[in-house]
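Let us take a walk through a protein model together. Please have the sequence and the 3D view ready, and turn the view as you read.

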Amino acid sequence: MSTSSSSNRPPPKAKPAVSTAPIAENRRARFDYFIEERHECGIVLEGWEVKAIRAGQVQLTDGYVLIKDGELFLIGCRINPLRTASTHVSPLADRTRKLLMKKADIRRLVGKVEQRGFTLVPLNLHYKGSYVKAEIGLAKGKAEHDKRDTEKKRDWEREKGQLMRHATKSRG
């Protein structure tokens, strides 16, 4: 009887699941804009910012994306520093952060923003593996009546859900 050496090996480890659950979301963007396209891009962060993001100290509500010299920059994204930040680091919560995308994709976005009146807004921050990624949207602004329509639809969906729950409770 010969024993094979493969029986002594531990079972293969399962790959860690890639989490794309949002760290922070910009819900205001969906209310104020029609989102035409979505793009994922990297974001240049400092060490203290990554720690603060993991602790949930990030806010995207007033953020927007600016194109300057063929590069993308995220402005208005607030990352509040942790109190345990190192003493030799001077954290700025509202600093401008560079976004990383392929040059061809940036050129295509530049064309749409300049010619057709689109704007770029951050939609969310999420993890992809161990990296923090930003999802940006190519968006067109909504008029005031469009916002009212969105609000009416949202209210109707809420009311419809309540009516359905009430109807199922009364049957039982």
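This is a predicted model: local features need pLDDT of at least 70, side-chain atom pairs count only at pLDDT 80 or more; totals for chains, interfaces and linings use all residues.

The paragraphs below go from the overall layout to a helix, then to strands and a few single residues.

The protein contains four helices and nine strands. Reading from the N terminus, their order is β-α-β-α-β-β-β-β-β-α-β-β-α. Of the 172 residues in the protein, 28% are buried. Contacts also tell us how the chain comes together: among those between residues at least 6 apart in sequence, 70% join residues at least 24 apart.

Which residues of α3 are buried? They are Ile106, Leu109 and Lys112. Looking down the axis of α3, you will find that these buried residues fall within an arc of 125 degrees, so they line one face of the helix. Just after the helix comes Gly117, with a positive phi of about 75 degrees.

From here, move on to strand β8, made up of residues 119–128. Seven of its ten residues are buried, so the strand is largely enclosed by the rest of the structure. Which way does β8 run relative to strand β1 (residues 22–25), parallel or antiparallel? The two run antiparallel and are joined by three bridges. In one of the pairings between strands, Glu25 has Asn124 of β8 as its bridge partner. Strand β9 (residues 131–141) also runs antiparallel to β8, and nine bridges join the two. Here Pro122 has Ile136 in β9 as its bridge partner. The hairpin of β8 and β9 has two residues between the strands, and in this hairpin Gly129 takes a positive phi near 70 degrees.

Some side chains deserve a look as well. The charged end of Lys140 sits over the ring of Phe118, 4.3 Å from the ring centre. As for aromatic pairs, the structure holds zero of them.

Next, find Phe73 in strand β5. Is Phe73 buried or exposed? With a relative accessibility of 18%, Phe73 counts as buried, because the cut-off for buried is under 20%. Leaving aside neighbours within four places in sequence, Phe73 is in contact with Tyr64, Val65, Leu66, Lys68, Thr96, Arg97, Lys98 and Leu99. Leu100 lies 27 residues from Phe73 along the chain, and the C-alpha atoms of the two are separated by 8.8 Å.

Our last stop is Asp69, in the loop between β4 (64–68) and β5 (71–75). Most residues other than glycine have a negative phi. Asp69, however, has a positive phi near 55 degrees. Asp69 is also exposed, with a relative accessible area of 71%.

Note on methods:
Residues are numbered from 1 along each chain as its sequence is written. Side-chain values use heavy atoms; hydrogens and water are left out. Buried means under 20% relative accessible area, exposed over 50%, partly exposed in between (1.4 Å probe, protein chains only). Two strands pair if DSSP finds at least two bridges between them. Rings of Phe, Tyr and Trp (its six-membered ring) pair if their centres lie within 6.5 Å; planes under 30 degrees apart count as stacked, over 60 as edge-to-face and the rest as tilted. A charge sits over a ring if NZ of Lys or CZ of Arg is within 6 Å of the ring centre and within 35 degrees of the ring normal. The arc is that of the directions from the helix axis to the C-beta atoms. Contact means heavy atoms within 4.5 Å.
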